[in-house]
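Please read these notes with the model open beside you.

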Amino acid sequence: MEKKRGAFSNKLGFVLAAAGSAVGLGNLWRFPYLAAKYGGGIFILIYLILAVTLGFTLMITEIALGRNTRLSAVGAFKKLDKRFGFVGYLACAVPFIITPYYCVIGGWVIKYLITFISGNVTAAAGDEYFTGFITEPVQPVVWFAVFVLLTSLVVIIGVEKGIEKASCILMPILVILTIGIAVFCITRPGALEGVKYYLLPDLNHFSPTTVLAAMGQLFYSMSLAMGIMITYGSYMKKDVSLEKSVRQIEIFDTAIAFFAGLMIVPSVFVFSGGNEEALSKGPSLMFITLPKVFDSMKLGGFIGAVFFILVLFAALTSAISLMETNVSILDDKLKWGRKKTTIIVTVYVLIVGAIVSLGFGVLDFIQIIGMGLLDFFDFLSNSVLMPIVAILTCISIGYFIKPQVIYDEIETNGPFKMKKFYTVMLKWIAPICLVLILAFAISEAMGWIKV
Ligand code: PHE
């Protein structure tokens, strides 16, 4: 098996592949709605602090772990210390939880793409359009299934490489378009309030929930604490600088999220009034706000259609990487062959995702600890499981396996500049903060504390 392990051909190849997995709906859909909901500037500030501390530490650990062992999560932990194989298993559970609901949002993107292509921009900009759509029993499930089947098809016929090549061209276009739309939005009358809300940290908006939301988002957006970066690391060549690559991925991923927010948050002020209700729309925010922006533009229908095609591509590359991860975890264990395993994973995703999708309509009576199904799955993976995986990663590497493995791996390409900082983060700051955040998340969800 190991001999056949492929490797990324060049430095940029690794960064681009990791970025293709990292950049997706997390940046374009999830980041803006969280930033809007959790206080704007203060959320951005906390996110940035977490990205350069916690994000840096975890990402470099995971990639080094993969490159050192040449194995994916379960094998990597087992190889270094038998007792910690279970961390790998826990990490593997995360993509199984995320994939179904990720594809539900993917389905929404297809629906909006079709809406724009068929010229229904003004209808889409109406206040009830989105709610009307997601509460229907059939349509959202159909678009969701289309998205899942597209993803599976790519995984089965194995044309990921082609898709990734295409996304190398399409992603930069998406970035430029996002920046262009952001500029259009922030120059509308009334946008200034929104820009201030988005950029200026206001301590009055701070709450522990802001930290929790920012951390969950960091994990989600950078594909951390779910074994994915370990797998990517296992394909990485020894002559690529780990420290530099991690920086590049972080900057790229954060910049895209930042501009997506700049396009959406000020628009909420322009088109929906910047009141709390408009800002706390949650998962629906992008789909409610953007059509209003496009409707107010000349050529908005066309620009909107192009925009949603690009979003769809970004979502697909991420979904493919999620689906791949599920398939390779199961296939490594059960050895059913890729095709059969992909079909089984697809059926699983279709069933669970359909239930999640219907959670907005006919199944909306299903509430788990006060959350609808999509929010619950999102909470379970991002606020509970990922912090647990991250804590265990820090502790197992920091105290049992010992950080020397990571230093050695990083130092194969020159000095590890942030070594001291990394060590303190890994052994002390990260685990302590993560435990606090996790305790808070659980207490809040269970209603033990009120914020
Ligand atoms: N990071 C991706 C995003 O921001 C989501 C993702 C998570 C993709 C895990 C692959 C694996 O959309």
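1. Axes here are lines fitted to C-alpha atoms, for helices over the stretch in contact, and angles run from 0 to 180 degrees between N-to-C directions. Helices (H or I, at least four residues) are DSSP runs, numbered from the N terminus. The axes of helix 5 and helix 17 cross at roughly 60 degrees and come within 8 Å. Angles under 35 degrees count as roughly parallel, over 145 as roughly antiparallel, 65 to 115 as roughly perpendicular and the rest as oblique. Helix 5 and helix 17 are therefore oblique to each other.

2. The model is predicted: local features need pLDDT of at least 70, side-chain atom pairs count only at pLDDT 80 or more, and totals for chains, interfaces and linings use all residues. Residues are numbered from 1 along each chain as its sequence is written, and side-chain values use heavy atoms, with hydrogens and water left out.

3. A crossing is left-handed if the near helix is turned anticlockwise from the far one by less than a right angle, and right-handed if clockwise. Helix 5 passes helix 17 in a right-handed crossing, whereas helix 13 passes helix 15 in a left-handed one. For helix 13 (residues 242-272) and helix 15 (residues 285-295), the packing angle is about 65 degrees and the axes are 9 Å apart. Helix 13 and helix 15 are therefore roughly perpendicular to each other.

4. Leucine 316 is 49 residues from serine 267 along the chain, and their C-alpha atoms are separated by 26 Å.

5. Most residues other than glycine have a negative phi. Alanine 225 has a positive phi of about 55 degrees, and lysine 335 also has a positive phi, near 55 degrees. Alanine 225 sits in the loop between helix 11 and helix 12 (228-234), and lysine 335 in the loop between helix 16 (300-334) and helix 17 (338-358). Alanine 225 is buried, at 0% relative accessible area, while lysine 335 is exposed, at 63%.

6. On a 1 Å grid over the protein atoms alone, a cavity is a set of points where a 1.4 Å probe fits but cannot get out, and a pocket is an open set with protein on both sides within 12 Å along at least five of seven lines; lining residues have an atom within 4 Å of a point. Grid points are joined across faces, edges and corners, and a volume is the space filled by probe spheres set on the points. How many cavities of 30 Å³ or more are there? The count is one. The largest cavity holds about 130 Å³ and is lined by 15 residues, with Ser21, Tyr102, Tyr220, Ser223 and Leu322 nearest its centre. Helix 16 gives the largest share of this lining, three residues.

7. The second largest pocket has a volume of about 670 Å³. Its lining has 29 residues, and Lys37, Tyr38, Met371, Phe379 and Glu444 are the closest to its centre. Among the helices that each supply at least two lining residues are helix 2 (25-37) and helix 18 (373-401).

Definitions and conventions
Buried means under 20% relative accessible area, exposed over 50%, partly exposed in between (1.4 Å probe, protein chains only).
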